[in-house]
Every structure is written in structure tokens, then in C-alpha cells.
Amino acid sequence: MKKTESDGKVADDLPLGTTPAFARMHKWIKRGVFVCLFALVVEGAFTVPALAIWYGWPQLSFQEICSELMKVRYSDDTMECEYPYPLFGPPEGAAGKDTAEDEWGIQPTPGWDRIGFRELVHNRDEREGR
């Protein structure tokens, strides 16, 4: 076993690919990566429930939320999400691509406004009222 002169660590105890001069830097990079991965997991765990509540989850099921989003996206009140989706079916939304009011180009812009808090519930109730 060889002792290094810079930090007194044994060179054979270092992970593969780490030189004694960069051992401390690799330790801090590894810690930083673990913190970032933990933050991404926590963020992902709260994103889906927060969006479901934003779109109207207790009053709408996940399938109804999906259908309402497709109706807004394709400007077509007949669009519905299929569950379970057919194994060899067309790509999702392929049937409604002709009704979308998007402006296509280098930077496409959607033809619909942002969806407000629980606006999908209001849209569904309004459609059922007609």
C-alpha cells in the first residue's frame, strides 16, 4: 500500500478512476449529485398530485381530466381518452390533430389559453349544461 504525500490517504483505498489529487473533489461532487437526485424525486412526488388538484381531481377522475385536456388541446368537444388504450391503436391524439388551432412554424404556439385553477370542472359543467 502506498501513502500519498498530499492528503495522507492510501492510494489503494480510492475508487477506480480517482487520483489522490482529486479524491476530495470527487467526494463533494458525489454528495452534490445525491442531493440533486433526492430533490428531483421529492419534486416529482409532489408535481402529479398538485397538478391533479389544480385540474380538479376530487370532482374529476384522472380519465376525465385527460379527456378534458384533450378537448381543450384539440378544440374538439368529442375527444375522449381511451382506457385501456388499444395495443396497436394510433398514437394518442392522432384523430384530433386536424382540429387543433395551433400556429405551426419554427416556434409553435398553442391556440388555447392557459388552464386556470379547476377550470376543467367549469368547462365540463358548462358542456353538460348545453
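Guide: Helices here are DSSP runs of H or I with at least four residues, numbered from the N terminus. The model is predicted.

Visitor: Which residue follows α2, with a phi that is positive?

Guide: α2 covers residues 62–74 and has 13 residues. After α2 comes a residue with a positive phi, near 50°, and that residue is S75.

Visitor: How far does helix α2 reach from its first C-alpha to its last?

Guide: At 1.5 Å a residue, 18 Å is expected for α2. The helix comes close to that expected value, with a reach of 18 Å.

Visitor: Is E68 buried or exposed?

Guide: Buried means under 20% relative accessible area. E68 has 4% relative accessibility, so E68 counts as buried.

Visitor: Which helices are among those that cover the buried residues of α2?

Guide: The buried residues of α2 include I65, M70, V72 and Y74. What covers the buried residues includes α1 (23–55) and α3 (119–129).

Visitor: How far apart are the closest N and O atoms of E68 and R127?

Guide: E68 and R127 form a salt bridge, with their closest N and O atoms separated by 2.8 Å. E68 lies in helix α2 and R127 in helix α3, so the pair ties together parts that are 59 residues apart in sequence. The N–O distance asked for is 2.8 Å.

Visitor: Which residue in the loop between α2 and α3 pairs with R127?

Guide: R127 forms a salt bridge at 3.7 Å with D77. This pair ties together parts 50 residues apart in sequence, because R127 lies in helix α3 and the loop between α2 and α3 holds D77.

Notes: Residues are numbered from 1 along each chain as its sequence is written. This is a predicted model: local features need pLDDT of at least 70, side-chain atom pairs count only at pLDDT 80 or more; totals for chains, interfaces and linings use all residues. Side-chain values use heavy atoms; hydrogens and water are left out. Helices (H or I, at least four residues) and strands (E, at least two) are DSSP runs, numbered from the N terminus. The expected span of a helix is 1.5 Å times one less than its number of residues. Buried means under 20% relative accessible area, exposed over 50%, partly exposed in between (1.4 Å probe, protein chains only). Contact means heavy atoms within 4.5 Å. A salt bridge is a side-chain nitrogen of Lys or Arg within 4 Å of a carboxyl oxygen of Asp or Glu.
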